[in-house]
Amino acid sequence: MSMSMSMSMGDGGREKIRVGVIGASGYVGGELLRLLVTHPRVELAMVTSRQYAGEYVHRIHPGLRGFTEITFSPLDIDKLSSNCDLVFTAVPHGKAVEIVKRLYDTGVRVIDLSADYRIKDPEAYKYYYGWSHPYPDLLSKSVYGIPELHRDEIRNARLVSCPGCMAVTSLLALAPLAKHDLIDLDHIVVDSKIGSSGAGGKPSSGTHHAMRYGVVRPYKPVKHRHTAEIEQEMSIIAGRRVSVSMTPHAVNIVRGILCTNHAFLKRSTTIQELWRAYRGMYRNEPFVRLIRDTKGLYKYPDPKFVVGSNFCDVGFDIDERNNRVVALSASDNLMKGAAGSAVQCMNVMYGFNEAEGLLITPLTPV
Amino acid sequence: MVKVRCPECDKDLNIPDDAVDGEIVTCPDCGANYEVTHMDGKITLKPAESVGEDWGE
């Protein structure tokens with residue numbers, strides 16, 4: 001069992017945990033490595049890639065040159081579990097399901113960045129992913145990795161499943177509205193825009209530069225997979241079944257998500273009430289910034305101003321004529337939408353400062 | 001500094017101890033402008049007049 005840390009001492013005598021990353025050659029894996037190589041409480045013990053085994057990681061992730069001399073290893077569950085306190089799995093959906101189960105059975109703690117353990121209802125895997133989940137029992141043990149919603153459960157979790165990038169972005173904007181019983185829970189519409197890195201590192205004809213550049217492409221107008229997660233979490237918050245309709249669009253940025261979430265108010269609500277609802281939920285959250293400014297360029301959330309950071313910026317407005325609330329949220333899909341959330345969960349799991357290694361000011365301009 | 005909640009967005013504002021009546025403070029989050037007033041030894045904020053921005057055509 002690796003619930004306790006196999007301590008080594010870092011700078012300043014602070015204890016470090018030994019961490020492994022499976023599937024470290026992809027975009028999410030690379031982003032995880034970017035955060036982990038400088039994290040003061042982490043010793044990078046093992047990183048795996050079938051394709052690049054034996055190669056220095058900076059050959060695949062050039063930005064890491066000079067930060068680590070670690071090389072990719074082939075996948076070896078026994079080695080990972082004996083050498084690591086915690087293993088991140090950053091392999092594609094459907095590939096993680098067996099790897100995570102095997103890791104979990106060794107007793108090592110796991111943070112999975114795929115979708116394979118996010119949804120509690122096994123039937124949803126058939127509907128949204130087209131396969132039957134082989135380990136429904138493990139779904140119930142997995143903790144959904146949004147610290148803003150599940151901090152206490154994450155603290156002692158052996159398996160954390162990080163949320164989908166658009167799901168977490170949308171949820172952080174919608175959660176206060178459900179928590180304060182402000183909206184009609186049967187008619188919520190999530191309109192999402194996402195950059196090209198959200199499609200991962202595996203090329204397809206649609207990701208080729210000539211086809212991807214300049215697009216505003218609705219790529220899954222209905223039945224997008226993240227819908228299941230948003231409904232699941234909103235239903236937990238609301239204490240009843242919540243219905244969400246979602247349409248994502250591929251847009252001409254590399255990193256970033258903007259979710260424009262539409263809902264209808266149950267009663268007349270003022271902007272001040274909304275401020276109090278959002279403040280009530282996020283006042284002490286290190287990675288949620290509330291953006292509804294009457295001054296300056298940045299009046300509402302915009303992914304341009306969160307790139308490289310773990311922030312999810314959240315804002316809102318009210319359309320009084322139609323009793324509609326527009327809840328806006330922006331994040332970096334590789335950070336708060338993936339690797340940043342994963343490291344935030346790690347910090348919670350090990351009792352580190354939750355912002356350790358993550359307080360990065362956004363890169364501007366990009 | 002004296003902490004006073006922004007009446008608009010509920011943010012904790014830091015008002016200088018030596019703020020005088022009529023001094024304008026702006027909330028860093030929502031951008032609302034307030035005029036500082038002292039009442040019964042306490043600082044209170046009242047909305048300050050400002051010129052609205054009109055982007056319409």
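Analyst: Please note that this is a predicted model.

User: Which residues form helix α7 of chain A, and what does it reach from its first C-alpha to its last?

Analyst: In an α-helix there are 3.6 residues a turn, so positions three or four places apart point the same way. Helix α7 of chain A covers residues 165-179, 15 residues in total, and its end-to-end C-alpha reach of 21 Å is close to the 21 Å expected at 1.5 Å a residue.

User: Where does the kink in α7(A) lie?

Analyst: The kink, about 35°, is found at A173(A), shortly before the proline P176(A).

User: Why is α7(A) described as largely enclosed by the rest of the structure?

Analyst: Burial here refers to a relative accessible area under 20%. Because 14 of its 15 residues are buried, α7(A) is largely enclosed by the rest of the structure.

User: How many residues does the largest nonpolar core have, and which have the most contacts inside it?

Analyst: Nonpolar side chains tend to be buried together in soluble globular proteins. Here the largest nonpolar core has 57 residues, and those with the most contacts inside it are L177(A), I183(A), I188(A), I230(A), M234(A), I15(B) and L45(B). Helix α7(A) provides the largest share of this core, eleven residues. A second, separate core has 43 residues, including I17(A), V21(A), V160(A) and M349(A).

User: Leaving aside its neighbours within four places in sequence, which residues is I188(A) in contact with?

Analyst: With those neighbours left aside, the partners of I188(A) include L174(A), I183(A), M234(A), V242(A) and H262(A).

User: What is the secondary structure of chain B?

Analyst: Chain B has zero helices and five strands, in the order β-β-β-β-β from the N terminus on. Of its 57 residues, 37% count as buried. Among contacts in chain B between residues at least 6 apart in sequence, 17% join residues at least 24 apart.

User: How many residues does the contact take from chain A and from chain B?

Analyst: Chain A gives twelve residues to the contact and chain B 16 residues. Between them the chains bury about 1,100 Å², with 29% of it on carbon and sulfur atoms. Of the area that chain A buries against chain B, R276(A), R279(A) and R283(A) supply 42%, more than any other three residues.

User: How many salt bridges are there between chain A and chain B?

Analyst: The count is three salt bridges. One salt bridge joins the side chains of R276(A) and D10(B), at 3.9 Å from N to O.

How values were computed. Residues are numbered from 1 along each chain as its sequence is written. Chains are lettered from A and ligands numbered from 1 in the order in which they are written. This is a predicted model: local features need pLDDT of at least 70, side-chain atom pairs count only at pLDDT 80 or more; totals for chains, interfaces and linings use all residues. Side-chain values use heavy atoms; hydrogens and water are left out. Helices (H or I, at least four residues) and strands (E, at least two) are DSSP runs, numbered from the N terminus. The expected span of a helix is 1.5 Å times one less than its number of residues. The bend at a residue is the angle between axes fitted to the seven residues ending there and the seven starting there. Buried means under 20% relative accessible area, exposed over 50%, partly exposed in between (1.4 Å probe, protein chains only). A nonpolar core is a set of buried Ala, Val, Leu, Ile, Met, Phe, Trp, Tyr and Cys residues joined through side-chain atoms within 4.5 Å. Contact means heavy atoms within 4.5 Å. Buried area is the accessible area (1.4 Å probe) that two parts lose on being put together, summed over both. A salt bridge is a side-chain nitrogen of Lys or Arg within 4 Å of a carboxyl oxygen of Asp or Glu.
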